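Colleague: I would like to learn how to read strand pairing, domains and chain contacts. Can we take them in turn?

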Amino acid sequence: MPRITRSQRMYDWFERRLQIEGPIKDAALHQVPRETASWWYVFGSGAFTLFLFQVVTGILLAIIYVPSAGEAWNSLNVLNHQIPLGWYLRALHGWGSNFMVAIVFIHMTQVFLFGAYKFPRELTWIFGVFLLILTLGMAFTGQVLRFDQDAYWGLGIGISMVSRVPVIGGGLVHLLLGGPIMAGTTLARFFDLHVFVIPGLLFGFAGLHIWMVLKLGINEWPMPGRLVRRATYVEEYNRLAHEDGIPFIPGAFWKDLVFSAAMVAAVAVCAWIFGPSGPGGPPDPAIIQTNPKPDFPFLWIFSILAYLPPALETPVILVAPVLAILALFAVPLVAGEGEKSWRRRPVAVLAVAFIAVAWGEFTQLGTTTPWSPHMDAWSSDSIPVRYLRTATPLARQGANVFQEKQCRNCHSIGGLGGQRGPALDSVATRMTRDQLRFKVVTGGGNMPAFGKNLSAPEIEALVAFLSTLHPANEAPAYTPSRPYVTNSPP
Amino acid sequence: MAENDPSQPQAPTLPTADLSVLPAGAQDPRLVSRRWLFFKAGLAINALVGIGLAIPIIRFLFASWRRDSSYESWISLGPIESFPAGQTRLAVFKNPFTRPLDGITDYVACYVRHVASNQFQVFAVNCAHLGCPVRWFPQSQLFMCPCHGGVYYADGSRASGPPERGLFTYDWKIVSGELEIFAGQMPTLSNSAKLVNISIGEGKSPCRG
Amino acid sequence: MHRRMRDWARLRTRLRTRPWMYIALRLTSPLAFAPLALLCGCNSPGYPPPPAKTPGEITSFATLYAQNCDSCHGSNGQDGPALDLANPEYLALADDATLRKFTAEGVTGTEMPAFATSAGGMLTDAQIDALVTGMRKAWSKPNAFVGAVPPPYAQAKAGDPRHGEQTYQTRCAGCHKNSPDEEITSPVYLALVSDQGLRTVIIAGRPDIGQPDWRHDAPGGKLTTPLSASDVEDVVAYLASLRTPTLPGRVQAQTSAKIPNQRTASKKRSQTLSASAAVRGAK
């Protein structure tokens, strides 16, 4: 009989009572197809690691954070500046969130392209869609908890979208706000969602998701031409896993371990270098000098809302998300069998490419928001000196009018100013004085009519200034017939 | 993969007591009808208690789901002299409906336009598009929204951008020389029935109330 | 335990007997805490900036000027379309009260808007003060007129436009040769500037765009016969006489007859009123 060491005896004491060794061994040593030990299969575990990381950093932040409308902003500043490394914990949680959202999307794309949602893993995919929605829910509620101006008005955008629901919109608004306005009860219930409700659901769905992965096996590497059929798939998979398989640990799992560690390390480095986001100005509803913008995961929605025509707005806000989620649910139910390899699924590849490009473009637009007036441009962006060097006294007054009437908020000169309207650096080559006058007075397109807000001398001065805006080697536009019908210059 | 390959080398298992063995008397539960009845009765009692508790819990959860009118009341913005005729001024008031834990968030801003001779218009700062705070520019007589570029004329009617309608307005009256408005909740499209904006002349607001 | 205490005692005696060692230890001990200081992360690139100020709390002249004045008065107080505030002669001519009044309330009829919250702007009184003192600090120069006495800032009496025209022809028209539509004699231009604005520029000049002050032929150029106080008044009166009365300067807020959303005050309360009787019932 071999000598039993003290540690082994202790292990036995616990194992005799817990009886957990068997299930763990089953899970750890189950056979998986050899090619699934791939770097392409690490995103799911990476996302789960980041979720646990978020839980830990979130619990740590809650030691200091006060979920009260009156105190939340102060407690964030205390975290940033008074608690040693409080800022770093905030940064870790914020960057962990960015990484988690990104990894969840990458995981989903990989699963979609590898056909892993097909029989018998339909429900794994559907629960994955729930996990995606919950992850985005965490990102949004987390943005609200960073209770600054952006969070306050960003929540207002969300509430305004909910208010468009027919019949019960008003009630839903009250329910979400916990009252008539965004205030103390509102923050408290978003704290509740962010800290209890959604994480609880995430744990539940993630647990089932992982359970199903263990029970149904990791999706085999898709081979072009190897079709999924309900009648034969399970048998084929088992044969593959046993004839050309390896135990999950260590064969496949070491890559998951390395990737997860790399992700957490990347979060730690990003947090150290880029720091936490905000908080911005205090959430004082009376301070209206603000430029609200949602966090990165929602910028694309912000952009789409800027481009929708007014008539389409409510239908798109209310119907599009429902359709999108239903479509995601339907994917495995409609295409539960057949080809798995992305090499033979051009529609799937095109769909992913289209969504990726559209998402990237809308997100990029969301970072620059060319549709937003620059609220301070009229008083802060100076006019390039070269545009004034030869200006007449009237044109100089026109430049004053141009600034003072907030034209600059939407039109840029010399690269500074809003981008809502066209840049005016060479407007004189495009429009004659008459056309400029007409446009200023009547507006049109996306431009308000300024006729009632400008006096005749102001309009003349403004037109005098605008008609000087042309490159030196390019003559301003003119009306050729004008000298023949009037005595005035062209 | 649940199946364990029997050919796999198994780690030596320690002798354990099988605590899951049923007492000798226990047989197929379906045959023991009395115990089964008690089990069902137990479920029923739990369901009853659950439903009984659900009512107060749901009432608690939905406590804020109320009629608009229960939140709104008249509130003073101060003497009318603080709003010069012909000008539009930002005014801040404490929401009539507040709770002690609101901090600074129980303040609400609005724009007061004193048109002429004690004729007023009071606009919500919230853009009719998605609720961002619009800013008043007295120089160009325009309200501009920083979020998606909604622009409104001085009378609140839509000038350009994505909003479907003009700015939300509050009802107002003058009492003892003070301007009072009927306010209390965040203006959104859902409660705009109370905040109808009737365009007055200039601009082309597609929604005229 | 005993051994450890004995070691510690031996170290202390050794330190006492060898002062250089003591000093070296005192000097290097902060280094032992360096990793701790690093741990607070205050020097890391990600360490957050101080808490955001509300717009009303900003009192730095540079920030306030850049946000509010830059666009018209130029980045460094010059080379903008509007008056160059960095002109020491202008700052010597106008007193603080004037600067404060114009900044706070704007200049009626011109494009200079009001900035004080009391006048519908966005700046607090403290911020207006910060701008005025900041301008003085940044651009005022002692003895800006080099001993000369300029005509007073404010106009004393009404000028004589006919004499003003002669003065204009001899002293101004030599440079002011743009087309009549866009020159300072154009009624359209004159509708947009105030008499005081004309007077200020005639006296203090605009060195950034080549307008001399009242005693030079060009900025920093030859001294000429200075314009007398009455010369300045006459030229301003001449230019003012060229204005077309029907051309308004700036559009002021329009009024509108019919206003929605008014609710009649409740009867009970309205009986206690008298002042706003005209308003009630106008719905």
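Modeller: Start with pairing: strand β1 (residues 73-79) of chain B and strand β10 (residues 178-183) of chain B run antiparallel over 5 bridges. Strands are DSSP runs of E with at least two residues, helices are runs of H or I with at least four residues, and both are numbered from the N terminus. Two strands pair if DSSP finds at least two bridges between them. This is a predicted model, in which local features need pLDDT of at least 70, side-chain atom pairs count only at pLDDT 80 or more, and totals for chains, interfaces and linings use all residues. Residues are numbered from 1 along each chain as its sequence is written, while chains are lettered from A and ligands numbered from 1 in the order in which they are written.

Colleague: Which residue stands opposite B:F182 in β10(B)?

Modeller: That is B:W74.

Colleague: Which strand forms a hairpin with β10(B)?

Modeller: β9(B) does, with 2 residues between them. Strand β9 (residues 169-175) of chain B pairs with β10(B) in the antiparallel sense over 5 bridges. B:V175 faces B:E178 across this pairing, and B:S176 in the turn has a positive phi of about 50 degrees.

Colleague: What does the domain assignment of chain B give?

Modeller: Domain bounds come from an automatic or database domain assignment. Here they are domain 1 (30-61) and domain 2 (71-194), with 52 Å between their centres, taken over C-alpha atoms.

Colleague: How many residues of chain A are in contact with chain B?

Modeller: Contact means C-beta atoms, placed from the backbone, within 7 Å. On that basis 70 residues of chain A touch 62 residues of chain B. Helix α8 (residues 169-177) of chain A gives the most to chain A's side, with 7 residues.

Definitions and conventions:
Contact = placed C-beta atoms within 7 Å.
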